[in-house]
Each structure stands twice: as structure tokens, then as C-alpha cells.
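Here is a short briefing on one protein model.

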Amino acid sequence: MLSTIADYTRLTKDMGKSLTQVATQPDVSRDTDYFLSHIGDVKTIDDFLKDYRLYSYAMKAYGLSDMTYAKAFMRKVLTEGVATTDTFANKLTDTRYRQFAAAFNFAALGDKATQTAAATTGTATQYVTQTMEENAGDQNEGLRLALYFTRKASTVTTSYQILADKALTQVVQTALGLPSTISSADIDAQAKLITSKINLADFQDPTKVTKFVQRFAAMWDATQAQSDNSTNPALVLIGGASSMASMDTDMLTKLQSIRFGK
């Protein structure tokens, strides 16, 4: 099996080609064709929520599949929109709801909300990207997380946004060598710990994001190798440790004591 970083490099080297391969898969192509052919006919929030095929497609596109059942919640997101800071979507820490409300901006555009580029081709592109990440996760969960983090990193401005997103949290915890049990700690303490180790402004720099993803991938593969009781070439990427034991004690201690980007 290739390492996570090798898989990641292979997919991202020509992202356009990778996305096209997913977009042309029969099931993806069929669902996208239906969405693009019918979304423009939707004039109200009620229309949107009633057409499960359209609604579920859009929810998946924005990474909200697990909330598809919560129609009352999503109705509030869409009804209030994003025009002011006190709207429901803008008060939520998870930015995916704000992105969804902005893409389907019924609050501001009324019956024209589903005719914008964001609501049509923009959503279709998001859907294909989301599907690619999910497909990657079927083979390598670490790869899915790496792709997702790369896509979302530039939207992160606070530690609380990371903590509100399970996938982002897992990437950051893994990259920093933090145990998952730390999630049971006080939320403010977790946020403070993250900002003490990461300069979030670095996530606006694609080069620094790639380096962070490489760190995550190395730690992910090392952890998986440990659980499989086997040697993994990813160890070379994180210091050339001669044994798993030395990586556990020395490298994890080092990772927890440094500040990313310094």
C-alpha cells in the first residue's frame, strides 16, 4: 500500500484530472445531471426541502450529509441567510452552514436563489470534490482527511472553527501528536493549546498548508503502522527514527513542544 502522502501527491498533482474521473462516474454523472436540470425550477425553501434528491445532493456537496434529516434546522439556516452577523448561520461556529446559506441565498434573492453560479455549477463542483474525498476514504481514511483539510484550511481563522469540525480536529490533533482524549478537555483550553502551537495565518499559504498536511500524513502512517505492528516508510519523513519506540517518546514530545510554522 502506498503511503498517505504518496496517495495525496498522486491525486493532487493534477487535481483537474482527478475530479474529472470522479465526475464521469455513472452514478455521479447521473445525480449531477438531475441536479443541474432541476435546481433552477426551485423557487422557495419549501420546494427545496421537499425534493429529497436535490436537497440531499446539495447537503452532500457542502459536507452536511449527516444533517440532511434536520430539515427544521436547515430551514432556519436558509430562512435567515447570511446578510448580518446575527443570523443563525453566522452564529454557528461551523462555517459549512454559512457556505450553504450563501450558496442558496433565498433570504436575499428569493425565487432567483437557485439560478446563481454558486447554487448550480458551484454546488456541482463541491459535490464532485466531496465524492472524490469520500472515495479516497474508502481506501485510506488518512487520505480523505488530508484532502479535506487542504480544501478547508484557508477558511479557518480561529481554533474554535477547527474544534467545531471533527475532521479538521482529527488532522490537527494527529499532526501535533495530541491524543484524541484531549477532546474531552475544556473547549477553551483546547483552543488555547492549538493557537499556542499553530499560527493560523499560515493556513492562508498553500505551501505551508502542504507542509502541515505532510506532517499529518507522516504521523497518520506511523500511527497506523504501529497499530498494524509493522514498519512504515513514513517514519523517514518524521525524523528517520530507527524504531517505533523512539518515535513514540522523542518525536511526539518534540511535536508537542514546537509551534507550527516556526
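Helices here are DSSP runs of H or I with at least four residues, numbered from the N terminus. On that basis T123 is placed in helix α10. The model is predicted. The protein has 17 helices and 0 strands. Of its 262 residues, 45% count as buried. Among contacts with a separation of 6 or more, 58% join residues 24 or more positions apart.

**Helix α3 against helix α5**

- Helix α3 covers residues 26-38 and helix α5 covers residues 52-61. Their axes come within 10 Å and cross at roughly 110 degrees.
- Angles of 65 to 115 degrees count as roughly perpendicular, so α3 is roughly perpendicular to α5.
- The crossing of α3 and α5 is left-handed.
- From α3, the contact uses R30, D31, T32, Y34, F35 and H38. From α5, it uses R53, L54, Y57 and A58.
- The residues of this α3 and α5 contact split into 5 nonpolar, 2 polar and 3 charged.

**Helix α6 against helix α8**

- The axes of α6 and α8 come within 9 Å, and they cross at roughly 60 degrees.
- The crossing of α6 and α8 is right-handed.
- On the α6 side, the contact residues are F73, M74, V77 and L78. On the α8 side, they are Y97, F100 and A101.
- By class, this α6 and α8 contact has 7 nonpolar residues, with no polar and no charged ones.

**M74 in helix α6**

- M74 lies in helix α6. M74 is buried, at a relative accessible area of 0%.
- Beyond residues up to four places away in sequence, M74 touches Y55, M59, L64, M67, Y97 and F100.
- M74 and I45 sit 29 residues apart in sequence. In space, their C-alpha atoms are 9.6 Å apart.

**Aromatic pairs around Y62**

- How many aromatic pairs does a search of the whole structure find? The count is 15.
- One of them joins Y62 and F100. The pair is edge-to-face, with 5.7 Å centre to centre and 90 degrees between the planes.
- Y62 is in the loop between α5 and α6 (71-80), while F100 is in helix α8 (residues 95-103). The two residues are 38 residues apart, and the pair links distant parts of the chain.
- Are Y62 and F100 buried or exposed? Y62 is buried, with a relative accessible area of 6%. F100 is also buried, with a relative accessible area of 0%.
- F104 belongs to the loop between α8 and α9 (106-109). Y62 and F104 are 42 residues apart, and this pair too links distant parts of the chain.
- F104 is buried, with a relative accessible area of 0%.
- F48, Y55, Y62, F100, F104 and F106 form one aromatic cluster.

- T120 lies in helix α10, which spans residues 118-139. T123 is in helix α10 too.
- Buried means under 20% relative accessible area. T120 is at 17%, so T120 counts as buried.
- T123 also counts as buried, at 0% relative accessibility.
- Which residues does T120 contact, leaving aside neighbours within four places in sequence? They are F35, L36, I39, T114 and Q115.
- With such neighbours left aside, T123 is in contact with F35, Y57, A58, A61, Y62, F104, A117 and A118.

- F35 is in contact with T120 and with T123. F35 also takes part in the contact of α3 with α5.
- Y57 and A58 are on the α5 side of that helix contact, and both are in contact with T123.
- F100 pairs with Y62 and touches M74. F100 is also among the α8 residues that meet α6.
- Y55 touches M74 and is part of the aromatic cluster.

Note on methods: Residues are numbered from 1 along each chain as its sequence is written. This is a predicted model: local features need pLDDT of at least 70, side-chain atom pairs count only at pLDDT 80 or more; totals for chains, interfaces and linings use all residues. Side-chain values use heavy atoms; hydrogens and water are left out. Axes are lines fitted to C-alpha atoms, for helices over the stretch in contact, and angles run from 0 to 180 degrees between N-to-C directions. Angles under 35 degrees count as roughly parallel, over 145 as roughly antiparallel, 65 to 115 as roughly perpendicular and the rest as oblique. A crossing is left-handed if the near helix is turned anticlockwise from the far one by less than a right angle, and right-handed if clockwise. Contact means heavy atoms within 4.5 Å. Ala, Val, Leu, Ile, Met, Phe, Trp, Tyr, Cys and Pro count as nonpolar, Asp, Glu, Lys and Arg as charged, and the others, Gly among them, as polar. Rings of Phe, Tyr and Trp (its six-membered ring) pair if their centres lie within 6.5 Å; planes under 30 degrees apart count as stacked, over 60 as edge-to-face and the rest as tilted. Buried means under 20% relative accessible area, exposed over 50%, partly exposed in between (1.4 Å probe, protein chains only).
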